[in-house]
Amino acid sequence: MPYLYLIGAVIFASSESILGTYYNRRNEGRKDSSPLYSFLSMCSVFIFWSIMFCAEPTLDWNVVWYALLFAFFYTLCNVCMIYALKTGPMALTSLFVQLA
């Protein structure tokens with residue numbers, strides 16, 4: 001099972017970069033299209049984790065602050081990645097994202 005998680009993580013990380021580049025190229029002429037992509041990406045992450053929580057509802061109030069902090073920085077990271085994909089080549093941006 002851990003190998004399936006690893007393969008899924010690689011596939012989803014790669015598809016995020018590819019879809020982000022495709023979205024930026026398709027909406028190149030539109031102003032402020034990158035925040036919309038980031039919003040849709042964060043909504044899909046929220047929906048996924050909401051479904052996972054409904055499947056196994058466990059909540060530890062001690063980690064809520066860590067979760068909120070992680071959510072903030074995860075959103076910031078994704079917004080910055082979309083802007084990086086908008087201004088630079090996908091291969092170089094993906095390399096730096098994977099190294100981070």
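Helices (H or I, at least four residues) and strands (E, at least two) are taken as DSSP runs, numbered from the N terminus. The model described here is predicted, and local features therefore need a pLDDT of at least 70, side-chain atom pairs count only at pLDDT 80 or more, and totals for chains, interfaces and linings use all residues. Residues are numbered from 1 along each chain as its sequence is written, and side-chain values use heavy atoms, with hydrogens and water left out.

The protein chain contains four helices and zero strands, in the order α-α-α-α from the N terminus. Its C-alpha trace spans about 45 × 30 × 20 Å along the principal axes. The average pLDDT (the predictor's confidence in each residue, from 0 to 100) is 81, and 99% of the residues score at least 70. Confidence is lowest in α4, with a mean of 75, and highest in α3, at 84. Of the 100 residues, 19% are buried; buried denotes under 20% relative accessible area, exposed over 50%, and partly exposed the range in between (1.4 Å probe, protein chains only). Contact denotes heavy atoms within 4.5 Å. Among contacts between residues at least 6 apart in sequence, 68% join residues at least 24 apart.

Two buried residues illustrate such contacts. Ser17, in helix α1, has a relative accessibility of 4% and counts as buried. Beyond its neighbours within four places in sequence, Ser17 is in contact with Met81, Leu85, Met90 and Ser94. The C-alpha atoms of Ser17 and Met90 are separated by 7.1 Å, although the two residues are 73 residues apart along the chain. Asn78, located in helix α3, is likewise buried, with a relative accessible area of 5%. When residues up to four places away in sequence are not counted, Asn78 touches Glu16, Ser38 and Met42.

Three aromatic pairs are present in the structure. The ring centres of Phe70 and Tyr74 lie 5.7 Å apart with the planes at 25 degrees, so this pair is stacked. For this assignment, rings of Phe, Tyr and Trp (its six-membered ring) pair if their centres lie within 6.5 Å; planes under 30 degrees apart count as stacked, over 60 as edge-to-face and the rest as tilted. Phe70 and Tyr74 are separated by about one helical turn because they are four residues apart in helix α3 (residues 64-87). Phe70 is exposed, at a relative accessible area of 57%, whereas Tyr74 is partly exposed, at 29%. The rings of Phe72 and Phe73 have centres 5.1 Å apart and planes at 70 degrees, and the pair is therefore edge-to-face. Phe73 is partly exposed, with 46% relative accessibility.

On a 1 Å grid over the protein atoms alone, a pocket is an open set of points where a 1.4 Å probe fits, with protein on both sides within 12 Å along at least five of seven lines; lining residues have an atom within 4 Å of a point. The lining comprises 38 residues, of which Val45, Phe48, Trp49, Phe70 and Tyr74 lie nearest the pocket centre. Helices α1 (2-26), α2 (34-55), α3 and α4 (90-99) each supply at least two lining residues, and the largest share, 11 residues, comes from α2. The lining divides into 25 nonpolar, 10 polar and three charged residues, where Ala, Val, Leu, Ile, Met, Phe, Trp, Tyr, Cys and Pro count as nonpolar, Asp, Glu, Lys and Arg as charged, and the others, Gly among them, as polar.
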